[in-house]
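Here is a short briefing on a predicted model. Read it with the structure open.

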Amino acid sequence: MSIALLSIKYLSFSMMSVLLVSLLAGAFRQFVFLSVNLFFIGWLLGPISALATIAFCLLGFALVRIHLKWPALRLVYTLPVFVALFIYLRNYEILQWIFPPELLSSTLSTIGLSFLFFKIIHVLVDAQSNTLRKLEFLTYLNYCLNFTTFMMGPIMRYQDYFDQWHGHKQAIEPTYEAHLDAVLRILGGMVKAYVLAGWINGLALQADTNVLQLSFTAWLVQMYAFFFYLYLNFSGYVDIVIGIGSLMGIRPPENFNKPFIAQNISDFWLRQHRSLTLWLTDYVFSPAYKRALSSKRLGSHPVLAGNLAIMLTMIVSGIWHGTSINFLFFGLVHGIYLVIYHSWDHFLARRLGRKRLKQLRQHWLARTVGIVITFNAASFAFLFFQLDTAHLLQLFSDLLGS
Amino acid sequence: MNEETVWNRLREIFRDVFGDEDIEIGPDTVADDILEWDSLTNIQLLVAIEKAFKGVKFNTGEVANLKNVGEMVRVVLDKSAD
């Protein structure tokens with residue numbers, strides 16, 4: 001992240017914003033929050049990239065309006081335009097192999113663009129489905145550019161933001177204790193993201209680590225340390241922004257729930273980056289699985305249909321996580337894990353029955369085995385998250401050569 | 001089609017999809033109330049409902065925003081051609 005959340009500048013900026021947004025009311029509050037967000041985007045990205053980001057939001061808004069005006073228009077006419085623009089702005093590694101360098105947008109800063117992209121897709125799909133409720137230009141812009149969640153989420157839903165902004169839903173209880181909890185959460189998040197994560201990063205796998213030169217034990221330690229580093233860094237950040245959001249009256253959704261004690265890989269993704277998992281479930285997995293199940297060819301093979309939808313979802317997840325090829329492998333590995341788990345679960349449920357399976361899974365031994373397998377599998381998959389493409393390809397060629 | 005018929009048919013679909021003859025549903029029933037109601041069975045449920053009620057199709061936004069069984073019944077009543 002290019003703005004340190006621990007810096008005096010960020011802290012004074014966010015506390016000023018909290019005060020302004022909580023004390024003001026009506027249209028003035030909306031304009032002030034927009035100014036706050038625009039200032040933040042300019043500060044974070046610089047003027048040119050900030051303008052590109054705002055243009056991206058405005059294009060999204062125009063497409064949303066088109067869908068609201070012509071409800072019968074299908075997403076196939078609008079979504080590809082938006083996805084193509086995202087791929088171009090995000091400057092995916094693969095574009096270097098297709099286009100000459102002068103055509104690429106490599107000078108733009110794209111911090112936060114992936115999160116913004118998924119937020120706008122959600123608004124677009126909901127508008128087309130007639131489930132958006134009410135679209136307001138300034139509310140939409142502030143939803144998109146909301147400084148608390150702009151850099152790294154959590155991915156909030158427009159309806160949830162709308163309800164909290166307009167006071168239909170409270171971010172937190174209006175009590176002294178709830179506000180104290182929010183402040184403590186910010187402080188706890190800082191300790192996680194800046195003290196503990198910084199310390200454990202010294203032990204963790206780095207992007208240019210030559211994995212094959214490590215002893216087995218050193219490899220395990222570095223892999224586990226990277227998992228905890230990522231957790232502490234990201235969940236610490238989330239604690240800080242949820243704390244600030246709570247004080248401001250717009251609380252982002254929860255994102256982490258002890259992923260290291262997940263009992264299976266499906267449970268892992270409901271505990272790790274949960275707002276992303278729920279987004280992917282709603283906008284990739286569900287439509288893909290529904291279409292497959294409704295089709296003549298796959299309708300009679302629900303397990304296969306489910307596995308195909310899972311694979312597609314995790315490939316999208318992988319590509320979304322980063323622009324280089326290693327993230328595609330990250331998604332593929334998690335896709336394979338989920339397919340194995342889903343098929344195994346289906347097999348056991350057919351053999352034992354759901355009730356018996358549930359009883360067995362509650363046994364301490366089954367839970368322990370589940371946690372150990374999931375923890376190791378998730379740690380291993382982070383190898384593909386952390387190693388850069390060059391070192392990952394080196395690893396593959398060394399493995400194949402030996 | 002009246003609401004009671006929708007509830008009765010829906011109850012049958014739930015029992016069939018979750019393989020549990022004892023399942024009871026009401027307007028406030030949510031995914032957390034039924035052990036096996038996850039993202040996979042949710043879609044199996046919705047596809048089974050679409051097959052059982054002529055004219056009913058859940059679009060992506062509806063699937064994403066359905067909060068409880070009461071809302072499912074509302075969509076079925078709105079869209080059913082029976």
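Buried residues account for 37% of the 402 residues in chain A of this predicted model. Chain A has 16 helices and 0 strands.

**Overall build of chain A**
- The C-alpha atoms fill a box of roughly 60 × 55 × 55 Å along the principal axes.
- Take the contacts in chain A between residues at least 6 apart in sequence: 70% of them join residues at least 24 apart.

**Domains of chain A**
- The domain assignment gives domain 1 (8–165), domain 2 (176–256) and domain 3 (260–401).
- The centres of domain 1 and domain 2 of chain A, taken over C-alpha atoms, are separated by 25 Å.
- Domain 1 of chain A puts 15 residues into this contact, and domain 2 of chain A puts in 13.
- On the domain 1 side, α1 (8–23) and α7 (158–165) of chain A are the elements that give two or more residues.
- α1(A) gives the most to that side, with 5 residues.
- By class, the domain 1 side has 7 nonpolar, 8 polar and no charged residues.

**Helix α13 of chain A**
- Helix α13(A) covers residues 325–352, which is 28 residues.
- From first C-alpha to last, α13(A) reaches 41 Å, close to the 40 Å expected at 1.5 Å a residue.
- Which residues of α13(A) are buried? They are Asn326(A), Phe327(A), Phe330(A), Gly331(A), Val333(A), His334(A), Gly335(A), Tyr337(A) and Leu338(A).
- An α-helix has 3.6 residues a turn, so residues three or four places apart point the same way.
- The buried residues of α13(A) pack against α10 (265–271), α12, α15 (364–386) and α16 (389–401) of chain A.
- After α13(A) comes Gly353(A), with a positive phi near 90 degrees.

**Contact between chain A and chain B**
- Here 20 residues of chain A are in contact with 16 residues of chain B.
- On the chain A side, the elements that give two or more residues are α5 (113–128), α11 (274–294), α12 (302–321) and α14 (354–362).
- α11(A) gives the most to this side, with 10 residues.
- The residues of the chain A side divide into 7 nonpolar, 8 polar and 5 charged.

Note on methods:
Residues numbered from 1 in each chain as written. Chains lettered and ligands numbered in written order. Predicted model: local features only at pLDDT ≥ 70, side-chain atom pairs only at ≥ 80, totals over all residues. Contact = placed C-beta atoms within 7 Å. Helix = DSSP H or I, 4+ residues; strand = E, 2+ residues; numbered from the N terminus. Nonpolar A, V, L, I, M, F, W, Y, C, P; charged D, E, K, R; others polar. Expected span 1.5 Å × (residues − 1). Buried ≥ 20, exposed ≤ 12 C-beta atoms within 10 Å, placed from the backbone. Domains from an automatic or database assignment.
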